[in-house]
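Please examine the sequence and the three-dimensional structure shown below.

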Amino acid sequence: MKLADNKATLSFSNGSPNVELPVYHGSVGPDVIDIRKLYAQTGMFTYDPGFLSTAACQSAITYIDGDKGELQYRGYPIEQLATQCDFLETCHLLLYGELPNADAKKKFERTVTMHTMVNEQMQFFLRGFRRDAHPMAVLTGLVGALSAFYHDSTDITNPQHREIAAIRLIAKMPTLVAMAYKYSVGQPYMYPQNDLSYTGNFMRMMFATPCEDYKPNEVLVRALDRIFILHADHEQNASTSTVRLCGSSGTNPFAAIAAGVACLWGPAHGGANEAALNMLHDIQAQGGVEKVGEFIKQVKDKNSGVKLMGFGHRVYKNYDPRAKLMQETCKEVLGELGLHNDPLFKLAMALEKIALEDEYFVSRKLYPNVDFYSGIVQRAIGIPVSLFTAIFAAARTVGWIAQLNEMIGDPEYKIGRPRQLFTGSTRRDIKPLAKR
Ligand code: CMC
């Protein structure tokens, strides 16, 4: 970051002296006012619950222009990555800063592939869960448990440990997601088959059984690979910030990523894809496209508590570029499977059309986000709804680990410790039990 020519001056109406605050430029995007010395200079904190105006770190990984609806990983537009690269190339880009050349691509693929299997003991750990447990509950446990199995990559101050933990997490996450799925349906786990692509291998671990040969459908593999690319990173979102905050204490990478998985689960974040598909199912059950108007009315009624899931975003105040790509993929997948007339897709298109013309959504700049169509694609591929967020977690793992490693390498990194505006009781004394 570069110091800007201008400074910010903070003045107070009570006559306290002005305070000058440095301003920094990034390479693109809004400047930031450096308030690190504010408390020392004024005895005051800033107040920003939800981080609406706070840059919590500097980062060179992902850039979003929410007004224009643009997303770039390391400078490359998401549209180019989604159409010209595969997920592992994207992982290389996020982790190391550059797309691999042909040799580096082969080497990286080989390295990740060699780590796809998990310690055999993990299946006994998994066996402790109820079969009907939510896959995200299982995944949070499994990822946290990795630190108990891979002791040789838990020292975050050691760059080699960090590197191997990153590869292990990227490689093993699909295996864990597939194991969680197989466990829930009572089928045998499928071991990774390393002559398949990263995503082809995942589909085989999900859908094959030892009884029959399984050949992943290339159109579906490409669609899932695109889902992985689109979800790979998204700058300082809630789960990534959780990973950074958790990792800032010096905990091991597996523990930090487990915290990210837990945060992602919520319906306002990664859980929205599941919630969006459930919403479409509900509307369909009540009468489908004809009920869209009624549903939109409910969404606009603040007292109803109903939200249009898959719509709206903290940063995008324009069409989420990932949603456009997802809509394309949705058409391709439904076409490949002969589901052109899929009622949920039709319903989603009708909802989107009405919402985009409605004053409520227009004035609040609410547009479809990535989750609006991703559920329809995943369902068509055969992924059960309850597993959607786990797929998101597998894809986001590379972003989490890239951001965690970036933080640890940042000379300005400190343990994260927000402050507060205290509004509770002032000091008081305990009365004896009989007098309370
Ligand atoms: N349906 C109806 N109204 C909405 C919606 C929605 N989906 N999203 C926002 N609003 C309204 C909100 O009620 C508020 O209205 P008002 O100004 O009258 O009070 C206004 O729009 C601004 O919303 P906000 O809640 O202050 O915005 P936020 O930045 O705090 O929340 C959000 C962003 C994504 C949590 C929210 O839009 C939402 O809950 N969307 C549905 C869940 C969803 O699709 N989440 C996935 C996000 S993308 C994937 C990911 O990154 O995980």
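How many disulfides does the rule count here? A disulfide is defined as a pair of cysteine sulfur atoms within 2.5 Å, and by this rule the count is zero. The structure is a predicted model, in which local features need pLDDT of at least 70 and side-chain atom pairs count only at pLDDT 80 or more, whereas totals for chains, interfaces and linings use all residues. Residues are numbered from 1 along each chain as its sequence is written, and side-chain values use heavy atoms, with hydrogens and water left out.

Cys-85 counts as buried because its relative accessibility is 9%. Cys-211 has 69% relative accessibility and therefore counts as exposed.

The ligand comes next. In one of them, a polar side-chain atom of Arg-314 is 2.7 Å from an oxygen atom of the ligand. Arg-364 likewise places a polar side-chain atom 2.9 Å from a ligand oxygen atom. Phe-311 takes part through its backbone, where a polar atom lies 2.9 Å from a nitrogen atom of the ligand. On its own, the ligand has 930 Å² of accessible area, and the protein covers 74% of this; such areas come from the Shrake-Rupley method with a 1.4 Å probe.

Finally, consider the sheet. Strands of a sheet pair through backbone hydrogen bonds, either parallel or antiparallel. Here, three strands form an open sheet in the order E1-E2-E3, with antiparallel pairing; strands are DSSP runs (E) of at least two residues, numbered from the N terminus, and two strands pair if DSSP finds at least two bridges between them. Strand E1 (2–10) and strand E3 (32–33) are the edge strands, each pairing on one side only. E1 and E2 pair over six bridges, and Lys-7 stands opposite Pro-22 in E2. Strand E2 (residues 19–25) pairs with E3 over two bridges, and Val-23 has Ile-33 in E3 as its bridge partner.

Methods
Buried < 20%, exposed > 50% of the residue type's maximum accessible area, 1.4 Å probe, protein only. Polar contact = N/O pair within 3.5 Å; in protein donor to acceptor, adjacent residues only side chain to side chain. Helix = DSSP H or I, 4+ residues; strand = E, 2+ residues; numbered from the N terminus.
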